[in-house]
Amino acid sequence: MEARSRSVEDIFEDFKGRRAGIIKALTTDVEDFYSQCDPEKENLCLYGLPNEQWEVNLPVEEVPPELPEPVLGINFARDGMQEKDWLSLVAVHSDTWLLALAFYFGARFGFDKTDRKRLFSMINELPTIFEVVTGAAKKPVKEKSSVSNNIGIKSKSNSKGRASETQGRQAKGLLQPKDEDEGPEEQDDDEHGETLCGACGENYGTDEFWICCDICEKWFHGKCVKITPARAEHIKQYKCPSCSNKRAR
């Protein structure tokens, strides 16, 4: 990021891009991330990039560094704990780094108290990386979706017809079509509106296809895990990339 002035929105966009990259490393790209963090290598850091990409690399040699640096040595702890605990540890330190970086830019570009408060408020509306990785972010209430042909289609007209739920917890997509009915079922929209994608961390939106992992029970945008409604029709048990990689190892 150049030295010229930046707005609160600019810094927030930088934050979101880096955050998305790190979430990708710890979820959909977790197998690649795991393999790059070889404990036999030197101190390694996980960098989130503004373009929503990530990289594992050595820290910069410049002292002091131009920008705040991520935590050192994430690779050394990899084999000393369970993978999920290691990923959670990296997630916590990544949250810390992103906040430090955002407020560094705030100080560098002369943000006042109001600007800093607005920046933190915008950041705080997003779930932390730790919440996304551990599944602590709020999940949808699965009972509210019926299951038909291995896909749950949430609509206000069929949400009370739950007989098909006895087919079992199979690959569950979540797509909310617009309906004319209004009333108590609007609570379903509110609950799903707080659902967060396990890959990108973004909120649930209407008319978007979602699918739930039958192993970790996290929900994902179909586009984030490259699953279409047509493909989901033929999936008996869906495993997200992270769970699939764990079984492969």
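What is the handedness of the crossing of α1 and α4? The crossing of α1 and α4 is right-handed. A crossing is called right-handed if the near helix is turned clockwise from the far one by less than a right angle, and left-handed if anticlockwise.

The structure is a predicted model, in which local features need pLDDT of at least 70, side-chain atom pairs count only at pLDDT 80 or more, and totals for chains, interfaces and linings use all residues. Residues are numbered from 1 along each chain as its sequence is written, and side-chain values use heavy atoms, with hydrogens and water left out. The mean pLDDT of the chain is 78, and 72% of the residues score at least 70. Here pLDDT is the predictor's confidence in each residue, from 0 to 100. Over residues 140–185 pLDDT stays under 50. For that stretch the model has 112 contacts beyond four places in sequence, a contact being heavy atoms within 4.5 Å.

The chain has 8 helices and 6 strands. These are DSSP runs, numbered from the N terminus: helices are H or I with at least four residues, and strands are E with at least two. Along the sequence the pattern is α-α-β-β-α-α-α-β-β-α-β-β-α-α. The chain holds 249 residues, of which 43% count as buried. Buried means under 20% relative accessible area, exposed over 50%, and partly exposed in between, with a 1.4 Å probe and protein chains only. Among contacts between residues at least 6 apart in sequence, 64% join residues at least 24 apart.

Helix α1 spans residues 8–26. α1 and α3 pack at an angle of about 165°, with axes 10 Å apart. Axes are lines fitted to C-alpha atoms, for helices over the stretch in contact, and angles run from 0 to 180 degrees between N-to-C directions. α1 and α3 are therefore roughly antiparallel. Angles over 145 degrees count as roughly antiparallel, under 35 as roughly parallel, 65 to 115 as roughly perpendicular, and the rest as oblique. The crossing of α1 and α3 is right-handed. On the α1 side, the contact residues include Ile-11, Phe-15, Ile-22 and Leu-26. Among those of α3 are Leu-87, Trp-97, Leu-98 and Phe-105. By class, the contact of α1 with α3 has 13 nonpolar, 1 polar and 3 charged residues. Ala, Val, Leu, Ile, Met, Phe, Trp, Tyr, Cys and Pro count as nonpolar, Asp, Glu, Lys and Arg as charged, and the others, Gly among them, as polar.

Helix α4 covers residues 113–124. α1 and α4 pack at about 30°, and their axes are 10 Å apart. Val-8, Glu-9, Ile-11, Phe-12 and Phe-15 of α1 meet Asp-115, Arg-118, Leu-119, Met-122 and Ile-123 of α4. This contact has 7 nonpolar, no polar and 3 charged residues.

The axes of α3 and α4 come within 11 Å and cross at roughly 150°. That makes α3 roughly antiparallel to α4. The crossing of α3 and α4 is right-handed. Leu-99, Ala-102 and Phe-103 in α3 meet Arg-116, Leu-119, Phe-120 and Ile-123 in α4. The classes here are 6 nonpolar, no polar and 1 charged.

Glu-83 is in α3 and counts as buried, at 17% relative accessibility. Its C-alpha atom is 8.9 Å from that of Tyr-34, 49 residues away along the chain. Val-92 is also placed in α3, residues 83–108. Val-92 is partly exposed, at 36%. The C-alpha atoms of Val-92 and Glu-131 are separated by 9.0 Å and by 39 residues along the chain. Ser-242 lies in helix α8, residues 241–248. Ser-242 is buried, at 13%. Ser-242 touches Thr-27 and Val-30, not counting residues up to four places away in sequence.

Backbone geometry was examined in the loops. Most residues other than glycine have a negative phi, and most peptide bonds are trans. The peptide bond from Val-63 to Pro-64 is cis, with omega near -10°. Pro-64 falls in the loop between β2 (54–57) and α3. Glu-52 has a positive phi, near 70°. Glu-52 sits in the loop between β1 (45–48) and β2 and is partly exposed, at 42% relative accessible area. Lys-226 also has a positive phi, of about 60°. Lys-226 is in the loop between β6 (219–221) and α7 (229–232). At 69% relative accessibility, Lys-226 counts as exposed.
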